[in-house]
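User: Please take a close look at one part of this model. Then widen the view to a chain contact.

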Amino acid sequence: MGKLYKFLKYFFITFWAVFVVAPFLWAISTSFKDFNSVNGGATYIPWVDFEPKLEGWKVLIKSPANGGVDIVEPYFNSLFVTCTASLISIVLGTLSAYALSRFTFKAGFVKNNDITFFFISQRIMPPIVLSIPFFLFLGAINLLDSLIGLIVVYIVLLMPIAVWIMVDFFNKVPREIDETALIDGCNPYQAFFKVVLPNSIPGLIVAGMFCIIFGWIDFFFAFILTFTEVQLLPVKIVALNSSITPWWSLSASALVSVAPLIIVAFIVERYLSKGNLSGAIK
Amino acid sequence: MNFKHKYVFLFPGLFVLIGILIFPIIFVVRLSLSGWNSYNGLNFIGLENYVRLFTDDPRFWQSFLRLSFLSVTTVILQYVIGFALAHMVWKDIKFQRFFRVLFLIPMMTTPVIMTVIWRTFFHESLGPVNDILSNFGMSPKWLTDPVLAKFTVIIVEVWQWTPFMFLLLLAGLLSLPKEPFLAAAIDGASPVRKFLYVTFPLMAPISIGAIIIRLIEASKIMDTVYVLTSGGPGTATETSSFYIFIKGLREFQMGYAASMSFTYLIIMIISLTVIAKVLTKVLLKD
Amino acid sequence: MKIIKTCLSAAISSVLIFSPMAYADKWSDQFPHIKATGDIPGDCSYEEMSKKNYKGKTLKINTHAVPVIGQPTALHAEQFAKLTGAKVDVTHTPAGDLYAKAMVPFKAGQAPYDIVFGFSNFINDWKRYLAPVPKKYINSPEMKDVTKSHIGVSSWDGTMYQYPVDGDRHYLKYRKDVIDNPEMQKKYKADTGKELRVPRTWKEYGEMAKYFNGWDWDGDGEKEYGSAEVMKKDDLMFAAFFSRSVAYAKNLSTPGGFFFDLETMKPNINNPGFVEALTDWVEATKYVPPGGINFGLGDEIGSFGGGQTLFSFSWDDAFIAAMQDDSPIKNKVGAAPLPGADRVWNRNTNGWENRYNQAPYIVWGWAVGVAKKSKVKDMAFDYLCFFSNGANHQADLAIGNFGVNPFKNSDFDPNIYIDTMGWDPEIANSYTKTLLDMEKSKNRVFPLRVPGVFEFTSAVATGTSKALAGQLSPQEALDEVAKEWEAIVQRVGKKAVQDAYAVGVKMEDNKL
């Protein structure tokens with residue numbers, strides 16, 4: 001039993017790891033090809049199967065006048081917008097989530113669960129139609145084509161995720177903890193920051209990571225709500241998609257754009273384990 | 001506890017959200033009552049869009065059924081696989097950190113860009129999959145067979161979003177209290193029983209949350225369909241959100257698209273509420 | 001020698017014949033892009049532009065993705081900025097999103113871009129937000145050089161809203177090393193009893209494509225296929241379908257509308273001519289490469305340009321890609337008019353006419369306009385004029401992936417392609433002749449340019465793609481399209497569509 005389970009476990013994990021890695025390997029290989037080596041049929045190993053070219057990578061830093069897209073500035077724009085919006089969303093979302101987890105709200109038939117659902121329901125609406133009112137809204141407050149405008153929109157996109165996840169995690173932190181803290185003479189805010197929050201680190205990390213990811217990979221709003229001043233990374237990369245689909249440079253850009261988040265993944269993994277520890281000690 | 005504090009916690013987030021969204025939402029409702037398109041402005045045509053949607057647009061409802069199939073299938077797969085993976089790397093496994101990080105990565109790729117890679121991956125004459133399979137005399141039509149194309153979309157979605165479930169469930173597992181497991185160990189429960197009677201019930205609340213949020217996200221599936229197949233072959237992979245995209249941004253029938261979005265929103269809110277209730281009943285037996 | 005020859009042909013083409021060589025040194029040193037010709041005198045030459053001072057002003061442009069059209073836009077923006085002192089900001093957007101990217105702000109009453117690139121069939125939706133091209137440019141010698149059909153495509157009922165910078169059309173591309181190969185001809189004759197030649201009809205096209213489908217006929221170790229076509233259900237698919245339909249459904253003896261009957265506004269789209277074309281197209285799914293019914297324009301270019309197929313038909317790109325210097329099939333491809341048909345539908349008599357019919361489809365192509373609300377309209381038009389000035393245009397033509405194609409009468413000189421791009425004279429001759437013949441034809445079809453044009457074309461894409469996928473028969477599919485078209489006409493307003501369509505019909509019936 002134990003042996004078979006162990007075998008199946010490693011078999012499945014290996015299988016999944018291969019599945020996860022396969023498209024990336026293909027992307028790495030493709031990023032060193034050019035038009036002719038892409039269109040001659042599938043090839044895999046540079047030098048053996050095809051003559052590697054650096055064109056796919058070079059276009060990422062060339063100016064458009066030279067046939068590239070220059071992703072350096074959009075890269076930093078994206079980092080800034082994503083981090084700022086995630087931070088604000090996490091702060092606001094965590095506070096609301098704590099309220100929804102710990103206190104009872106009632107206004108007519110609206111109860112805690114309904115308010116929680118209200119938050120998450122903001123993500124249901126397909127973004128296409130929202131683009132027009134957001135455009136008019138940002139236009140009215142003069143924030144079109146600006147980093148702040150995008151941050152405002154992203155807060156709406158990200159906060160619901162933070163609230164939804166944090167409510168679950170706060171529910172798991174025993175109420176006795178806050179109560180003990182209050183009896184010990186903390187005010188509710190101190191109880192929250194000093195006692196409850198440290199016990200919810202895995203939740204915070206997970207919510208934070210989701211915010212960062214959903215901010216980082218958004219294309220649509222960044223596309224509609226900016227013109228020339230501000231460009232975010234996905235929008236800039238898609239600008240490579242001309243009549244000829246450049247498999248090579250899109251592959252390179254996919255790898256480049258995932259890189260910073262891999263670092264985030266390592267941090268997340270580390271704190272997940274730590275959170276467990278602190279939760280166990282309490 | 002002092003009564004006022006709860007509002008101090010709740011209101012900043014709630015009001016920021018309402019403040020930013022109130023105008024857009026009202027505008028969408030207003031838009032859905034107009035014939036706003038490439039040649040008309042924000043006129044008022046009453047419920048005409050809704051009448052058209054409910055009486056004369058089978059394509060929308062077909063795409064909705066297709067969407068239901070796709071999103072329910074992908075979310076179930078993501079949940080099962082995500083839970084299995086999370087459980088497997090939860091404790092004592094070699095290269096634990098490596099696998100944990102690796103399994104997170106697909107979610108971090110931008111769908112608009114990553115799906116282009118997938119399209120080349122499944123390209124039937126230039127891609128690696130069929131190149132390898134052709135050695136065994138197989139050449140599946142990944143993107144051009146009406147049935148298989150749906151599964152290709154599912155494969156890509158499962159690849160991209162299983163990490164979401166994985167992370168949420170792993171975090172859940174890692175923050176489980178130790179005591180129930182100690183008790184189970186003392187009772188000498190088998191691993192299967194331990195999972196069924198201890199782990200799974202403890203994970204139920206977070207599972208419901210994860211499934212609901214994935215259902216919401218999976219239903220917005222857009223980029224994957226757009227890049228992989230553009231809803232084709234025929235209309236075999238056209239989903240509601242993609243159909244709304246075509247009507248809204250391609251044909252610029254914004255008024256009609258708004259009425260579809262609003263209808264979609266209502267249907268989704270109702271069905272998600274029902275699903276959440278059912279899941280709660282099934283998973284949290286008490 | 002090469003340079004002098006090109007200069008001469010350029011000089012002849014521009015109306016003002018001063019001495020181009022004199023400018024060549026001064027400006028081509030600074031701007032290596034035009035080193036082949038040097039500056040060519042004209043209203044918007046480098047010399048003239050350098051006299052303008054736009055310091056402190058900003059020009060904002062939305063253009064296509066890099067490199068097709070996007071790269072020349074950025075390059076000329078950089079040059080323009082250097083010459084005039086202006087600041088030029090360029091953003092790049094994929095083709096499918098160009099319409100929405102400009103339309104959203106237009107509808108919101110804003111003009112974040114001074115110059116918007118798009119396609120010529122956007123004209124009806126965009127014209128009320130665009131400034132007409134001023135007289136000064138319309139009367140310039142350079143504009144007089146633009147072909148009549150491209151002036152027509154850029155104008156709406158006599159008023160020019162889009163500045164001509166590029167010319168586009170669909171034509172047939174074929175592998176010369178197969179079609180003109182005596183061995184292959186013998187083999188084909190022996191196996192089928194028919195001549196192997198440049199196909200004159202879509203039926204011949206289909207037969208040859210089927211014969212050359214799925215085996216390695218060029219000996220490179222990979223299988224080759226019959227035809228690469230845009231069959232993916234996106235916004236370009238309809239154009240491929242119309243290219244196939246014109247042969248059966250555009251009848252010179254039945255004026256008054258190809259897409260609709262202008263008088264009644266009843267769609268023609270489901271008449272036997274179109275149905276025949278769609279039947280052919282469904283048949284074509286058997287001779288496209290694996291995955292071919294999911295091919296977008298990019299795949300088509302890659303497939304034919306990469307040497308995977310015998311035939312292809314649509315815009316220039318696939319041909320130009322095949323003729324690039326590093327292409328394995330350079331100088332092995334040929335250009336020819338779109339195939340015709342042995343019979344053509346007559347919708348007046350409701351019967352087939354058994355005679356050969358061929359009709360060029362002057363597809364929409366790149367177009368660019370200046371926003372009415374722009375605060376720097378003068379500068380914007382100067383930029384566009386500069387974009388397509390003699391020197392820039394000639395240099396752009398020579399760079400395949402710039403996507404700038406012939407639209408001036410002087411462009412149909414085969415020597416341009418022989419000298420600067422190293423084409424075989426025979427190929428260059430057949431290429432320019434193919435394009436020129438389209439300009440001369442009386443049986444042309446112009447793109448649909450009515451309000452809500454995307455609703456119409458999207459309905460076509462949906463219907464035809466259902467037929468290609470086998471969900472519906474060609475007749476059923478087109479009946480569905482026709483029904484949808486009627487509904488759209490109702491929604492938009494019959495009068496509005498009719499008035500707009502009349503403008504296009506006037507051009508088709510050679511009355512404008």
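Where in chain C does Ala108(C) lie? Is Ala108(C) buried or exposed, or partly exposed? And how many residues do chain B and chain A bring to their contact?

Analyst: This is a predicted model. Ala108(C) sits in a loop of chain C. That loop joins helix 5 (98-107) to strand 3 (115-119). Ala108(C) counts as partly exposed, because its relative accessibility is 23% and the buried class ends at under 20%. Beyond its neighbours within four places in sequence, Ala108(C) is in contact with Phe135(A) and Leu136(A).

Now the contact of chain B with chain A. Chain B gives 101 residues and chain A gives 99 residues. The buried area between chain B and chain A is about 9200 Å². Carbon and sulfur atoms account for 82% of that area. Phe9(B), Met108(B) and Leu126(B) supply 9% of what chain B buries against chain A, more than any other three residues.

Polar links are found here too. Between chain B and chain A there are 14 residue pairs in polar contact, both residues at pLDDT 80 or more. The interface of chain B and chain A also holds 3 salt bridges. One of them pairs Arg97(B) with Glu269(A). Their closest N and O atoms are 2.6 Å apart.

Helix 1 (residues 5-32) of chain B provides the largest share of the side of chain B that touches chain A, with 21 residues. By class, that side of chain B has 73 nonpolar, 18 polar and 10 charged residues.

Key:
Residues numbered from 1 in each chain as written. Chains lettered and ligands numbered in written order. Predicted model: local features only at pLDDT ≥ 70, side-chain atom pairs only at ≥ 80, totals over all residues. Heavy atoms only, no water. Contact = heavy atoms within 4.5 Å. Buried area = accessible area lost by both parts, 1.4 Å probe. Salt bridge = Lys/Arg side-chain N within 4 Å of Asp/Glu carboxyl O. Polar contact = N/O pair within 3.5 Å; in protein donor to acceptor, adjacent residues only side chain to side chain. Helix = DSSP H or I, 4+ residues; strand = E, 2+ residues; numbered from the N terminus. Nonpolar A, V, L, I, M, F, W, Y, C, P; charged D, E, K, R; others polar. Buried < 20%, exposed > 50% of the residue type's maximum accessible area, 1.4 Å probe, protein only.
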